[in-house]
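User: I would like to learn how to read the features of a two-chain model. Please give the general idea each time, then the case at hand.
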Amino acid sequence: MVAIGMTLIAVAWFGLFLWWRGLLWKTRWFLWVLVFSVLLPQAANQLGWFSAEVGRQPYIVYNLMKTSDALSKTVKAGEILTSIILFGFIYLLLGVLFIYLLDDKIQHGLHMKEEKGHRA
Amino acid sequence: MGYALLDGFDLGVGALHLLVKTDTERRIFINSIGPIWDGNEVWLVTGGGALFAAFPEAYATVFSGFYLAFMLLLIALIFRAVAIEFRSKQPMKWWRQIWDVSFSVSSIVSSLLIGIAMGNLVWGIPLGADHEYAGTFLGLLKPYPLLLGFTTLALFTMHGSIFIVLKTEGALQKKLKGWVKNTMIFFILCYVITTLATLIFIPRMLTTLQQQPFLFIVPVFNVLAIANIPRNISRGRGWGAFLSSCATLFFLMALLGIGLYPNMVFSNPAPENSLTIYNAASSVATLKIMSIMAAIGLPLILSYTVSIYWVFRGKVKLDSHSY
């Protein structure tokens, strides 16, 4: 995660340097690096959360309270699993929609579209 | 209370959304709450957070006991938010229809669930000696909470219709003015039934009022505020009607609070297990810090809320940046 952070800073500085030299738009390989570097903050974010949430076990409040003591007694494991899976599906759906709409904007421009389609 | 006032009307606009049919009218509806619904929903988050900090036992019992209901509410709010953003991004009629339905249904479901939650707090839910919820999800759907759910829906829809009249013009506004009358009648009907049901079935709601008779001013103001709405509408004073509607919400919530006091979550059938503001609260130190934070935070939140409303004042005009 820290390594990703340092890498991103290095990429940003290099890009700045290229821009200062007027070479930014001509250095194709670097532009591709920029495209894929978008994935790095995502990864860093998730990895950070993994390390925090896994690393804290078995405590929920370090040295003071264990995670097993902090459970809600009224919520059953099945309910929690269901809600996690449900959220997974919802986020997947929203993610797909987001990519689709983003791609649409990139391909066709930013103007608002008037409604069209068959009249029922 | 702030949440009900603010998100109330944008949930109300959503509830009414499917009743306008043309694309332009629907876009106007969405754009009327477009710049402000997000800030309004923040009040829900703040309310939940404040509950956690100040009254953690109540937070724990309610949020874990009502888990499935809260998940449902969460999903409804997610889809309302997403519907607003995604709706106009594609031109296809079926696309816009799906998101219009999503926007409206999720607004209606959210309003109902909020009312049902409030109703359950008032009616009482089975709490064990450890203050944990001892019932089921379907046990939350008793008649009184359901009644309060519909009353909340009626209230928010009325509030929303008054707001949308403020935000529209011309022929559309004329049509919507008629709706204000209908939603108001529906609300008053629900309100009367709820009041009667409360007086008959939950007499303990009156004890605080009887102990402190000066509090009778609250229901009086409540009724006055409701009566003020048709008065303002007939005189064409949209803003007066909106403020009266806000006042209605304010006094209704105050009445609820007074009725519940000092309980927060009433336990039915074992009232001795109820969560009160005393046994559910954090330590004195925490409450002191919370009060200071609230005193600093609330003016800030209010000032940015007011400024956003000011920036986007006036009638809805659709342009290339609109939803």
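User: What pattern does chain A follow, read along the sequence?

Analyst: Helices (H or I, at least four residues) and strands (E, at least two) are DSSP runs, numbered from the N terminus. In chain A the pattern is α-α-α-β-β-α, with four helices and two strands. This is a predicted model, in which local features need pLDDT of at least 70, side-chain atom pairs count only at pLDDT 80 or more, and totals for chains, interfaces and linings use all residues. Residues are numbered from 1 along each chain as its sequence is written, while chains are lettered from A and ligands numbered from 1 in the order in which they are written.

User: What is the radius of gyration of chain A, and what does the globule rule give for 120 residues?

Analyst: The radius of gyration is taken over C-alpha atoms, and the globule rule is 2.2 Å times the number of residues to the power 0.38. For chain A the radius is 23 Å, well over the 14 Å from the rule, so chain A is more spread out than a compact globule. The C-alpha trace of chain A spans about 60 × 55 × 20 Å along its principal axes.

User: How is chain B read in the same terms?

Analyst: Chain B has twelve helices and two strands, in the order α-α-α-α-α-α-α-α-α-α-α-β-β-α. Its radius of gyration is 20 Å, close to the 20 Å that the globule rule gives for 323 residues, so chain B is as compact as a globular protein of that length. The C-alpha atoms of chain B fill a box of roughly 55 × 40 × 40 Å along the principal axes.

User: Where does F9(B) lie, and is F9(B) buried or exposed?

Analyst: A residue is buried if 20 or more other C-beta atoms lie within 10 Å of its own, exposed if 12 or fewer, and partly exposed in between, with C-beta atoms placed from the backbone. F9(B) lies in helix α1 (residues 2-16) of chain B and is buried, because 30 other C-beta atoms are within 10 Å. Buried residues make up 37% of the 323 residues in chain B and 0% of the 120 residues in chain A.

User: Which residues is F9(B) in contact with, leaving aside its neighbours within four places in sequence?

Analyst: Two residues are in contact if their C-beta atoms, placed from the backbone, lie within 7 Å. On that basis F9(B) touches F156(B), H159(B), G160(B) and F163(B).

User: How are two packed helices described?

Analyst: The description uses the angle between their axes and the distance between the axes. Axes are lines fitted to C-alpha atoms, for helices over the stretch in contact, and angles run from 0 to 180 degrees between N-to-C directions. Helix α7 (residues 143-167) of chain B packs against helix α11 (residues 238-260) of chain B at about 155°, with the axes 9 Å apart. That makes α7(B) roughly antiparallel to α11(B); angles under 35 degrees count as roughly parallel, over 145 as roughly antiparallel, 65 to 115 as roughly perpendicular and the rest as oblique.

User: Which residues of α7(B) and α11(B) meet?

Analyst: From α7(B) come L155(B), M158(B), H159(B), I162(B), F163(B), V165(B) and L166(B), and they meet G238(B), W239(B), A241(B), F242(B), S245(B) and L249(B) of α11(B).

User: How many residues does each chain give to the contact between the chains?

Analyst: Chain B gives 22 residues and chain A gives 18 residues. On the side of chain B that touches chain A, the elements that give two or more residues are α4 (56-65), α5 (67-86) and α6 (93-123) of chain B. The most come from α5(B), with seven residues.
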